[in-house]
Amino acid sequence: MNRKKNIIILLSISILLFSCIKHMSLPTSPDTQTGLTSEQLYVEILPRWDFSDIGIDYISDIFVAKDGRFFIADSVNKKITVIRQSGKLATENDYTALEDINIDTLNISPTAVCVDSRFIVYFIDGQNDLIFAWNQFVSETGISGVIDSMKYTNGTDTIIATPKASLKLENYSAIENSEFVNTTSTLLDSITAPYIFYNPNSQKNIEVNPNYANETKKFIALAPGTAEDTAIFVMDRTNNKLVRIALVKSQMILLSTNQKIWTYEGVLDEFVAEKGTGGGTINNPTGMVADNDGNIYYTQLGNYFGTHKLQSNSYNCVFNKDNHEIMQLDQFQAPVDVAIDYDASIFVLDSTENLVKKFTSTGAFDKFVGVTNTWIIQPDTNYTFTPIDTTQIINGTDTTYTVIYDTTSTIKDTLILQYQNDLLKSATSIAEYDDVLYIGDTGNKRILRYTLSDDVNIQDPDQ
């Protein structure tokens, strides 16, 4: 009875071992750098947008406004081109103010652009230490005049004051339709045309920080503040500074809809981040973006970390090298731009590796985008196992039992996802909007688009 029981146990163990080996599968990736944290893959949306179809020769920057319009800075043609999500030129509004831009005798070649929630378009040219702006909303709506002064009342007391002076009046209320409106055509044209928004050598900015006003600067990237924040951000490569520029009320204007709104000028507020080699410092910056919550992300070429995230308001560095893959020292070769999606996933464009690396909101590597994905098959593999010999002592007698079973097992075909970075060439910029990633593939003079596919499964790509 005991003898039969021992044989059954050994046979059971052998069958279990054999069963486990048959169902083994090979890993899809040798390490965490190429492993997927999710089974969804990015697939390309066709057709590709050729530069010739859009009327551009170069992409210095791409920014997608809240209304889904794409603003493309083309420094070669010295213009900002606006297109729709279809890839067609936006012709429903007049954007000619962003072509052949000349401001105060300066011939502007835009290198970076952003649009805030007020639909003010900001841009820089990488040469002047100036930030330019164009009030798209005002230009599209139409302007009736500039309000020079208004009547204000406080009980029986009535005064006349300029809108800016009225900001300091306490307990006074504006009298409706009491404004004195300046309708001089040259003045109105200056409101609807591009203008100098931030000049570090203006009187206000000299008073705020005379030292920075006198420094040589090179602005290379822009990012808008949140809807509640009256500020924008600019990256200064020469001084390795991330600068917060406050929007200070300048003039009150009367729109053709009888709505009163303010125009703004830029005044230096604070340095959000400065030169250094640690987390949250600046060292040869290249690109920048802000998410809807006001967090700021930027890329850089200098030591030691290629991509940083700063917390909104506090501007503390969110990631560190010990806990976040995105801060690994060898993570990037040449990170030139960064984009954020609705879930705060981070897309970093590496122009040397010719690909985009996607990271989760927590800084973990997820997948490559802008690469060729190829499913390859790992062929069947045969394994041979030696039969088990066991010795049992029954009633004081040595007895040997040999368990006989199939000695060969097969691991079935395994699908492995292989990446090839053969699509991009000298890519310069990326942007994300409505679950679609846009890559400025400047070396090939085209824009590539990618979106997540729910139908692609790493275990069965044919479904």
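Predicted model: local features only at pLDDT ≥ 70, side-chain atom pairs only at ≥ 80, totals over all residues.
Over which residues does pLDDT stay under 50, with 16 contacts beyond four places in sequence? The stretch is residues 455–463. The mean pLDDT of the protein chain is 87. Of its residues, 83% reach 70 or more. Residues 1–36 have pLDDT below 50. This stretch makes 45 contacts in the model beyond near neighbours in sequence.

An open sheet is built from 3 strands. Their order is β19-β20-β21, and the pairing is antiparallel. The edges are taken by β19 (285–290) and β21 (307–310). Each edge strand has a single partner strand, so one side of each lacks a neighbour in the sheet. On average, neighbouring strands of this sheet are turned by 20 degrees against each other, direction ignored. Strand β20 covers residues 296–300. β19 and β20 pair in the antiparallel sense through 5 bridges. Opposite T299 in β20 stands G287.

Nonpolar residues were examined next. The largest nonpolar core holds 46 residues. Which of its residues touch the most other members? They are F71, Y122, F123, I131, F197 and I245. A second core is separate and has 17 residues. Among them are F332, V338, I340 and F365.

How values were computed. Residues numbered from 1 in each chain as written. Heavy atoms only, no water. pLDDT = per-residue confidence, 0-100. Contact = heavy atoms within 4.5 Å. Pairing = 2+ DSSP bridges. Helix = DSSP H or I, 4+ residues; strand = E, 2+ residues; numbered from the N terminus. Axes fitted to C-alpha atoms, helices over the stretch in contact; angles between N-to-C directions. Core = buried A, V, L, I, M, F, W, Y, C linked by side-chain atoms within 4.5 Å. Buried < 20%, exposed > 50% of the residue type's maximum accessible area, 1.4 Å probe, protein only.
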